[in-house]
Amino acid sequence: MQERNFYFQSQDGRTESHGMRWIPEGEVRAVVQICHGMSEYLARYRNFAAFLADRGVLVVGHDHLGHGGSIEERKDYGFFAEKNGNQILIHDIHRVYQYTRKDFPDIPYILLGHSMGSFLVRQYLCHFGSELDGAVLCGTGYYPYWLTRLGMMIAQGESALWGNHYRSRLLLWMSFGSYNAKFHPNRTNFDWISRDPAVVDAFVRDPECGFPFTVNGYYNLFRGMSKIVRPVDLARMPGKLPVLMIAGGRDPVGDFGRGVRKVENLFRQVGMEQVKCILYPEDRHEILNEPDRREVYEDIWEWMQKNCLRG
């Protein structure tokens, strides 16, 4: 497997966004584009990419604005853009798709999103889903429309008082703090991400992980989430697109499986014909980094072979 870095101009007009490709030896059978989660970065998916590359799958993706190598200054961690941040995130995903498609125009293309990335992928399917051969939603969840609007109002109010780069303790507690509360007594602030202590400790030690979002980041996160809970918005997804939902049964983001099942039912309600959901009972949020990760990898690969690959 070859690992290559690349850069492209974000639609925000100011940021050189960082991307990566993991290229298999020999024939490329498919492409998987990864959309990473909140307060992390793409390179954390290297082990999963190596698994897929061994099977002839090219893996590509980028650090979203405000993450990893896609920042101008350290204060930009958790900040998207002064205007239209959510829209810019979706179009940056599409830019990576377009660049990759030019090099691999005729092979199956699957989009995988984890956590925040899964919410972005759910939006993406409403705009560009017809260009894909499959989608994987990893560690997703269901948040009602009223709650996303409330989050937007809080973020707007605090932004008006303190500015777009302000980091809100209230919004931080509503996200990471409330998730970790389910795992008392806590060893760290991020016990909720994995039952593997080594994974949690590496996350805590990494300066590019776990940072609090700005109110700008939260506003755009909630704005995007508000667009993926009403059937009228989701009806634009291509009904025949294969979709795999995978999550931990002890993942608070997915309400311990209940929220994931709600998303599955919502997809079916709007006419999605090929939806599969797998819950791993003991796993927490980062199921690609749990002790049973190999089982998760194999399940994704088996689903891809059956539903996305040709021949």
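**Entry 1: Terms and model**

I record first that helices (H or I, at least four residues) and strands (E, at least two) are DSSP runs, numbered from the N terminus. I am working with a predicted model, in which local features need pLDDT of at least 70 and side-chain atom pairs count only at pLDDT 80 or more, while totals for chains, interfaces and linings use all residues. Residues are numbered from 1 along each chain as its sequence is written, and side-chain values use heavy atoms, with hydrogens and water left out.

**Entry 2: Salt bridges within helices**

I looked up K306 and E302 and found that they form a salt bridge, the closest N and O atoms being 3.0 Å apart. The term salt bridge stands for a side-chain nitrogen of Lys or Arg within 4 Å of a carboxyl oxygen of Asp or Glu. K306 and E302 are four residues apart in helix α10, so about one helical turn separates them. K306 is exposed at 63% relative accessibility, and E302 is partly exposed at 36%.

I then turned to helix α9, where R268 and E264 are four residues apart and therefore separated by about one helical turn. Their side chains meet in a salt bridge of 3.0 Å, N to O. R268 is partly exposed, with a relative accessible area of 38%, whereas E264 is buried at 8%.

**Entry 3: A salt bridge between loops**

I asked how many salt bridges the structure holds. The structure holds 21 salt bridges. I note as background that side chains of opposite charge can pair when their charged atoms come close.

One of the pairs is D292 with R195, whose side chains meet at 3.7 Å, N to O. D292 lies in the loop between β8 (275–280) and α10 (293–307), and R195 in the loop between α5 (169–180) and α6 (197–205), so this pair ties together parts that are 97 residues apart in sequence. D292 is buried, with 18% relative accessibility, and R195 is partly exposed, with a relative accessible area of 33%.

I also found a network of salt bridges that links D12, R14, K75 and D76.

**Entry 4: A positive patch**

Which residues gather in a patch of positive charge on the surface? I list R149, R223, K227 and R236. Patches are made of residues with over 30% relative accessible area and no salt bridge; like charges are joined within 9 Å, and nonpolar side chains (Val, Leu, Ile, Met, Phe, Trp, Tyr) within 5 Å. Lys and Arg count as positive and Asp and Glu as negative, while His and the chain ends are not counted. The place of a charge is taken as NZ of Lys, CZ of Arg, CG of Asp or CD of Glu. Accessible areas come from the Shrake-Rupley method with a 1.4 Å probe, and for residues only the protein chains shown count as cover.

I located K227 in the loop between α7 (215–226) and α8 (231–234). K227 is partly exposed, at 32% relative accessibility.

**Entry 5: Cysteines**

I searched for disulfides, meaning pairs of cysteine sulfur atoms within 2.5 Å, and the structure holds zero. For C35, the nearest cysteine sulfur is that of C138, 12 Å away. C35 is buried, with a relative accessible area of 0%. The sulfur of C126 is 14 Å from the closest cysteine sulfur, in C35, which is too far for a bond. C126 is buried as well, at 8% relative accessibility.

**Entry 6: Backbone**

I note that most residues other than glycine have a negative phi, and most peptide bonds are trans. S115 is not a glycine, yet S115 has a positive phi of about 55°. S115 lies in the loop between β5 (109–114) and α3 (116–128) and is buried at 10% relative accessibility.

F256, again not a glycine, has a positive phi of about 55°. I place F256 in the loop between β7 and α9, where F256 is partly exposed at 26% relative accessibility. V253 is in the loop between β7 (243–248) and α9 (258–269) and is buried at 5% relative accessibility. The C-alpha atoms of V253 and M225 are separated by 13 Å, and the two residues are 28 apart along the chain.

Is the peptide bond from H184 to P185 cis or trans? I found a cis bond, with omega near -5°. P185 is in the loop between α5 and α6.

How values were computed: Buried < 20%, exposed > 50% of the residue type's maximum accessible area, 1.4 Å probe, protein only.
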